[in-house]
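Please look over the sequence and the structure below before reading on.

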Number of protein chains: 4
Amino acid sequence: METQRGSEVWLQNNLFDEIIAYAKETSLKQSAKQKKILEVAIDMFAKKGYSNTSTAEIAKRAEVSEGTIFKHYGTKDKMLFSIIFPFIKSALPSLANEVFREIFTEKTATFEDFLMAFFKNRTQFIIENRQIFQVVVKELIYREELRNELLSLFQENITPRINQVVDYFKAQGKLIQLPNEMILKVLFTFIGGFFISNFVWLNRSTVSDDEVKTAVRFVMHGLSSSNEGSE
Amino acid sequence: METQRGSEVWLQNNLFDEIIAYAKETSLKQSAKQKKILEVAIDMFAKKGYSNTSTAEIAKRAEVSEGTIFKHYGTKDKMLFSIIFPFIKSALPSLANEVFREIFTEKTATFEDFLMAFFKNRTQFIIENRQIFQVVVKELIYREELRNELLSLFQENITPRINQVVDYFKAQGKLIQLPNEMILKVLFTFIGGFFISNFVWLNRSTVSDDEVKTAVRFVMHGLSSSNEGSE
Amino acid sequence: METQRGSEVWLQNNLFDEIIAYAKETSLKQSAKQKKILEVAIDMFAKKGYSNTSTAEIAKRAEVSEGTIFKHYGTKDKMLFSIIFPFIKSALPSLANEVFREIFTEKTATFEDFLMAFFKNRTQFIIENRQIFQVVVKELIYREELRNELLSLFQENITPRINQVVDYFKAQGKLIQLPNEMILKVLFTFIGGFFISNFVWLNRSTVSDDEVKTAVRFVMHGLSSSNEGSE
Amino acid sequence: METQRGSEVWLQNNLFDEIIAYAKETSLKQSAKQKKILEVAIDMFAKKGYSNTSTAEIAKRAEVSEGTIFKHYGTKDKMLFSIIFPFIKSALPSLANEVFREIFTEKTATFEDFLMAFFKNRTQFIIENRQIFQVVVKELIYREELRNELLSLFQENITPRINQVVDYFKAQGKLIQLPNEMILKVLFTFIGGFFISNFVWLNRSTVSDDEVKTAVRFVMHGLSSSNEGSE
DNA sequence: CATGAATGAGACTTCATTCAT
DNA sequence: CATGAATGAAGTCTCATTCAT
């Protein structure tokens, strides 16, 4: 498809650089109309998906002309990326930096504490950006190129730090002695499943502390009867 | 959009009835051409998504005329449902009936045995129908109506039986004493995450026995060091 | 511009091959509607130019839907090439073959005879295809790529034969002893000027025999008083 | 098309008056920005053609706002005429006056001398304004109205003087005894062909004296062997 | 005066669907 | 029954022009 081919060309460079460039370009000097356009676009992309949303409908709901949209974003694709990239930018690096620092040093005696802090932090972030999260998840499913870039970013930015944490608690004998790769696999499967099922599939706007606690407990001890477990 | 509005109208009746009706209609008198059409459609919907696939392209690759497609399926939407519904029909009811019987009675001494059998059985099923599974997952994300119907079906057909199993093992003291609802929630989150991450997101065509074992072990005992665990 | 970039891509292969392929594709199996479309397109491109003619207007005048146009020609550019290429195909090679054979051997005692036959033959051809000639001339002015391809074709197909003729008459002492290159340059300048001024610039639908005679006389003897000339 | 209809309305008055009016308006109070705008517009119109050049691109390259362009020129069409008209104004009247005086009286013993001086003078003029010449040629091809006006201007201003010259040399027996009309026709065909092929079609930036000489020789004596010719 | 955000008409193109053959 | 030419609504995008600042 033309659009998709176009987007791939546009993605030839490093995604991360694009993210930065785009975030700057976009988040600064955003007029009221531009904000309204993005707002509407995010809402509609989240609900109906990118392909099923027409620029005409966005223009109508944002109360601007279609021309205005293209004046600002050039193509529909770029509008999508103006939404996706800044989100990933703030989701990933901050995940890597502040989040880990905040979470890890503050009296995190156990991996459970770490997980708890992590879940709460990211849950809040996703709730604050729920619609964009939905857009990202829904689009990544169709855009292999984008998905691979994201995986790379993940491998570079997140995996090493998680590995540190895992190694740290393994050394304390508090985590199962499995290869990190396998630990991370099941961990991400569950965490991803948790966020996507709650905030995309079920479109919930909040989760209770109890649910988070249950989730963390599950990650730590599974479903077996805990006649010997810690909690 | 026209297409989606159309599909909603069409879905006003009970989904399950439609599934049955469609399955009959479709699986019986399927000519070679019809099979080829569906084959091509599944392949393309799985790869590019329903919205990004044109009937013209399907016709061309299936080596039939566009007219033929509409002779058989009426609308593009109905073609999609001819793919999705039989899959759900064979995924859900068989899950409810044969599968459970097969799995549960055969020397399933522990919940772990049950899970193992379940994982293996469903993994095989999904691998055999991987592309259709991808189509279903990708489309359900955009079709709330369909998603809700599926959830209802699940609640009616699957949940009760899982509850039976869970109650059975709870009574034996082998499962954590949590409300079934919470147990099912984490269970489905992980299982769904496992299937979708492997067979949609990563588009893998197989998973090793080791991976399944690790997954089941995780479900049972989590990530904590198993100085007291059974395995 | 998008369109032009597109056309260049399309032109990467050898123009001549494309001509052949296109001519075959187009001239065969042409339905009445297709003919009408081309007819209208030629008329409008000739009058207003390619850029200033919209597909909507073509559709309206040809009494078909816009969809039909794109069903047949894919893009507006390809429609243009469906017009230009077959014309060039029949203008150049036949110029090279039949024309030269016809013209050159039939009692062409003098270069003047040759020129006369040539002028008459090509004048008739252009009059028969006047509108297409106009389209070609008007588009070549904007499409350097196309122009260069045409120049190459000319160098390969026409120039050698003209050189033969020129050499032949030079050997008989009937032509000026200048390098062929210079002879051809002034010759083509005048012949091109003659055809373009009459059939594009002035949009004439015919020229009289007298005019042709005067033109040929000019080519041979110029404007000087012919106190020694042959005519 | 809107643009063309606009231009026709605008052309209802006498072209020549407009030329004068425009030339005054334009050449006087031209600010640096206006000059830059025209410079860029000429460059782009010459390269890509009027229709394929957007005002946005002109504004960007001229480093002014789009508003500024329309403040100065009102419409895109008027901007084109601000380019074309002064050129025609300086090409035609000066052709009629100074040029003829310069050329004709300075020891022009023969028509060949006259032609030589004429070619050199106009070649220089066109080279100095090559891009504008290209714009004029390319646009005249599409604008019949403008073309006709120009023809009229030519008939009124240039033809009479050329006739004088032709008559003068005819009287001296140095030119062929043909009706002036026919002489002028072939003369203009060749001269027009010479300028357009060299400076538009081939986009050359200069021609050698030799080429000019050959051209003039051709005009005078044609291609016949000059066993009796003067040169 | 200059700016550039905004417009809306219209450009090219796609596509699900229909229907005469 | 199958075909594929035809449709027309809707899609993305461009662009000359306007106007509040």
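The model is predicted.

We begin with DNA strand E.

Individual atom pairs illustrate both kinds. A phosphate oxygen of DNA strand E is 2.6 Å from a polar backbone atom of T55(C), and a phosphate oxygen is 2.8 Å from a polar backbone atom of K76(B). On the base side, a polar backbone atom of G67(D) is 3.3 Å from a base nitrogen of DNA strand E.

DNA strand F comes next. Around DNA strand F there are 29 residues, and the closest are T68(B), T68(C), T55(D), F70(D) and K76(D). Helix 5 of chain A, of chain B, of chain C and of chain D each supply at least two residues of the surface near DNA strand F. The largest share comes from helix 5 of chain C, with four residues. Sorted by class, the surface near DNA strand F has four nonpolar, 18 polar and seven charged residues.

Of the atoms of DNA strand F within 4 Å of the protein, 64% belong to sugar or phosphate, and the remainder to bases. Side chains take part in the following pairs. An N or O atom in the side chain of T68(C) is 2.6 Å from a phosphate oxygen of DNA strand F. For K33(B), an N or O atom in the side chain is 3.3 Å from a phosphate oxygen of DNA strand F. E66(D) has a polar side-chain atom 3.2 Å from a base oxygen of DNA strand F.

We turn now to the protein chains themselves. The contact between chain A and chain B takes 49 residues from chain A and 47 residues from chain B. About 4300 Å² is buried between these two chains, and carbon and sulfur atoms give 67% of that area. Y142(A), W201(A) and L223(A) supply 19% of the area that chain A buries against chain B, more than any other three residues.

Two salt bridges are found across the interface of chain A and chain B. E211(A) forms a salt bridge with K185(B), with the closest N and O atoms 2.9 Å apart. Between chain A and chain B, 20 residue pairs are in polar contact. On the side of chain A that touches chain B, helix 8 (130-140), helix 9 (144-157), helix 11 and helix 12 (209-221) of chain A each supply at least two residues. Helix 11 of chain A gives the largest share, twelve residues. By class, this side of chain A has 25 nonpolar, 13 polar and eleven charged residues.

Helix 11 of chain A, residues 180-201, also holds N198(A). Is N198(A) buried or exposed? N198(A) counts as buried because its relative accessible area is 4%, under the 20% cut-off. Leaving aside neighbours within four places in sequence, N198(A) is in contact with G193(A), N203(A), R204(A) and V207(A).

Conventions: Residues numbered from 1 in each chain as written. Chains lettered and ligands numbered in written order. Predicted model: local features only at pLDDT ≥ 70, side-chain atom pairs only at ≥ 80, totals over all residues. Heavy atoms only, no water. Polar contact = N/O pair within 3.5 Å; in protein donor to acceptor, adjacent residues only side chain to side chain. Buried < 20%, exposed > 50% of the residue type's maximum accessible area, 1.4 Å probe, protein only. Contact = heavy atoms within 4.5 Å. Near = heavy atom within 4 Å. Nonpolar A, V, L, I, M, F, W, Y, C, P; charged D, E, K, R; others polar. Buried area = accessible area lost by both parts, 1.4 Å probe. Salt bridge = Lys/Arg side-chain N within 4 Å of Asp/Glu carboxyl O.
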